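Hello,

Here is the structure I promised to send over. Please have a look at it first, and then read on for what turned up.

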Amino acid sequence: MSAEARIVAIVERHRHRDGPLIEILHDVQADFGCIPSGAVPVIASTLNMSRAEVHGVVSFYHHFRTRAPGRHVLQICRAESCQAAGGRAIESHAQKRFGIGFGETTADGQVTLDAVFCLGLCACSPAAMFDGEVLGRVTPESLDALIDAGTR
Amino acid sequence: MSVTAWVPRDAGALAVGAQATARKLQSEAKAAGVDLTIRRNGSRGLYWLEPLVEIECAEGRIAYGPVTEREVPDLVAKGLLKGAAHRLRIGPIEEHPWLATQQRLTFARVGRIDPLDLAAYRATGGYKGLARALELGPEATVNEVLESGLRGRGGAAFPTGIKWQTVLRQPAGQKYVTCNADEGDSGTFSDRMLMEGDPYALMEGMTIAGFAVGATRGFIYLRVEYPHAFKVLASVLSTAREAGLLGDDVLGSGNSFDIEVRLGAGAYICGEETSMLESLEGRRGEVRVRPPLPAEKGLFGAPTVVNNVITLATVPTILAGGAAAYRDYGQAKSRGTLPLQLAGNIRRGGLVERAFGLTVRELLEDYGGGSQSGRPIRAVQIGGPLGAYLPASQFDTPLEYEGLSAIGALLGHGGVVAFDDTVDMLEMARYAMEFCAIESCGKCTPCRIGSVRGAEALAAISRGEDRERQLVLVEELCDTMLNASLCGLGGMTPFPVQSAMKHFPEDFRLRTRGG
């Protein structure tokens with residue numbers, strides 16, 4: 001199926017629902033890894049919205065990406081509880097290990113590093129999530145072990 | 001020999017290895033020739049003991065913790081499956097002082113039952129609240145909630161009964177019940193724990209709300225950072241439909257109610273109720289100007305109840321036990337219990353549900369056991385990133401709405417984050433502004449621009465540049481944001497900033513870099 005046909009199929013699946021745009025974007029991102037720029041006009045015309053409206057929603061939410069992430073995504077919590085428990089050291093450890101900042105992907109396309117503001121694991125701060133796997137009481141060693149196991 | 005063990009499936013427990021522990025326990029039991037059934041529960045909220053393993057014994061559920069995968073072989077060899085002695089043995093979990101001294105109403109079931117087990121929910125009083133509401137009728141149900149004194153647990157603390165009454169009084173037609181599960185405040189996790197640990201309580205609360213106000217549709221707006229809660233909710237919704245607890249004929253009453261879960265997309269502002277409604281409608285989560293209130297014109301322009309997870313999940317308890325029983329807890333205008341969440345740099349973090357009135361110090365010392373680092377606790381932030389920082393001199397303040405607002409602080413969603421004496425309060429003030437800048441929806445200027453300028457000015461102070469003028473600028477920005485922002489994000493970001501400046505002025509003085 002062409003990319004456009006896949007997007008149309010997703011839109012068709014949701015268009016009967018009330019306020020379907022964000023649901024559609026979630027499914028597009030699940031399918032493509034991001035919201036490809038070609039998706040915006042297709043979604044807009046099917047929903048009878050302007051491209052600007054759709055783009056406005058995509059760009060508003062931190063979760064939606066316009067470029068596909070690396071093969072693995074590491075999210076590190078930057079919020080207060082994690083900072084209080086030594087989270088800054090985890091942030092810099094990850095940045096140093098991959099040689100990238102938040103919002104960036106390693107040159108080999110392996111890992112994207114993202115900041116996240118609270119994973120709700122605050123009683124086990126500092127916290128991180130790697131490819132959907134939660135990690136609490138993070139130490140540089142436990143973070144490395146999780147990443148090594150996941151990228152092996 | 002056949003044994004039943006409980007290992008939480010709560011995300012907090014999984015984050016410290018509960019899944020590996022469960023797997024190892026199963027394989028070690030098999031090797032020892034024991035027929036072991038592992039059941040999955042929510043977390044009891046004693047997170048420093050997670051993964052907490054409970055063994056069903058004659059004297060009740062005997063707990064061990066923290067049980068990492070590596071500890072399992074030794075524990076099994078020394079008789080864990082019989083509840084035998086071990087250095088990790090906690091004893092009967094319900095007698096643990098940390099738990100036994102709590103007053104768990106909203107969290108009564110969390111950690112005790114398998115959250116997916118509808119029969120267990122019903123066997124522990126579940127759906128009694130809805131049955132009573134159906135007997136009472138809508139008006140009397142709203143009155144019960146009103147008389148219970150329940151106030152919104154999301155942070156705004158508006159009386160729930162008044163909200164419901166407003167929606168009930170709107171002309172009949174399409175109305176909605178929406179649950180705000182966009183728990184974005186750092187230091188809070190009670191919504192997550194409840195949704196993962198006792199999701200039927202939330203379903204039941206929403207169903208009661210729907211019946212009380214005449215709404216047939218409910219939405220749960222769940223943050224995308226909570227994938228575990230999403231799975232649990234999806235599972236229990238379909239079970240509830242099959243069991244006739246949702247759908248066209250709820251509990252055989254002839255009333256119709258159903259619930260849909262919608263995922264957010266990583267925007268803190270969507271925890272603000274009007275922004276959440278915009279997002280539920282599939283739009284940018286920009287706040288709406290009020291009035292009209294959501295209770296009059298909310299989701300898709302229809303009268304809408306917007307309540308937090310804990311508020312809604314508390315409603316079944318109130319209906320089942322009666323308003324007076326709930327009202328008996330607490331003090332003054334803060335009635336009932338509050339699930340406090342203790343986090344940050346703390347030895348024993350977790351969930352403490354108590355009647356309103358516990359002091360900050362009691363929470364930090366009696367429950368928290370002081371800081372994790374062993375250093376003095378210098379500051380706590382209460383109520384998330386928009387909450388004030390309290391210095392140690394204010395730790396005797398009671399944790400209730402009026403007590404905190406009297407010292408210029410707020411309770412918010414009940415999260416308490418502890419910081420030890422290594423914290424740099426100037427940096428925390430700068431971070432508060434940075435967070436606001438990242439999360440601002442951009443609709444109003446004080447928040448959009450004020451936060452960026454505020455972060456810049458505080459960074460300049462930290463570099464020692466033009467300190468006096470920058471401090472004046474920060475004060476002026478705070479004043480503008482406080483008084484002219486459209487919603488609480490811009491309007492409350494000054495709280496952490498100003499409280500840091502007021503209570504920790506030494507951190508804002510000129511410092512020698514690298515010294």
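A word on terms before the details: a residue is called buried here if 20 or more other C-beta atoms lie within 10 Å of its own. Please also keep in mind that this is a predicted model.

Ser190(B), Asp191(B), Arg192(B), Met193(B), Leu194(B), Met195(B), Glu196(B) and Gly197(B) are buried. That makes eight of the eight residues in H9(B), so this helix is largely enclosed by the rest of the structure.

Leu194(B) turns up again in the largest nonpolar core, which has 207 residues. Together with Ala127(A), Ala128(A), Leu202(B), Ala209(B) and Val380(B), Leu194(B) touches the most other members. Helix H10 of chain B (residues 199–213) gives this core its largest share, ten residues.

What does Ala127(A) contact, leaving aside its neighbours within four places in sequence? In chain A the partners are Cys77(A), Cys82(A), Leu119(A), Leu121(A), Leu135(A), Gly136(A) and Val138(A), and from chain B there is Ala15(B).

On to how the two chains meet. Contacts join 47 residues of chain B to 35 residues of chain A. On the chain B side, the elements that give two or more residues are helix H1 (11–14), strand E8 (258–263), helix H12 (273–280), strand E12 (337–344) and strand E16 (415–420). E12(B) provides the largest share of that side, four residues. By class, the side has 23 nonpolar, 16 polar and eight charged residues.

Now for chain A. Its secondary structure comes to seven helices and five strands, in the order α-α-α-α-β-α-α-β-β-β-β-α along the sequence. The C-alpha atoms of chain A fill a box of roughly 50 × 30 × 20 Å along the principal axes. Of its 152 residues, 41% are buried. Among contacts in chain A with a separation of 6 or more, 56% are between residues 24 or more positions apart.

One helix of chain A is worth a look on your screen: H3(A), residues 39–47, where the buried residues are Ala39(A), Val40(A), Val42(A) and Ile43(A). They cover an arc of only 165° around the axis, which puts them on the same side of H3(A). As a reminder, an α-helix has 3.6 residues a turn, so residues three or four places apart point the same way. The cover over the buried residues of H3(A) includes helices H1 (3–14), H2 (21–32) and H4 (51–60) of chain A. Just after H3(A), Asn48(A) takes a positive phi of about 60°.

Best wishes

How values were computed:
Residues numbered from 1 in each chain as written. Chains lettered and ligands numbered in written order. Predicted model: local features only at pLDDT ≥ 70, side-chain atom pairs only at ≥ 80, totals over all residues. Contact = placed C-beta atoms within 7 Å. Nonpolar A, V, L, I, M, F, W, Y, C, P; charged D, E, K, R; others polar. Core = buried A, V, L, I, M, F, W, Y, C linked by C-beta atoms within 7 Å. Buried ≥ 20, exposed ≤ 12 C-beta atoms within 10 Å, placed from the backbone. Arc of directions from axis to C-beta.
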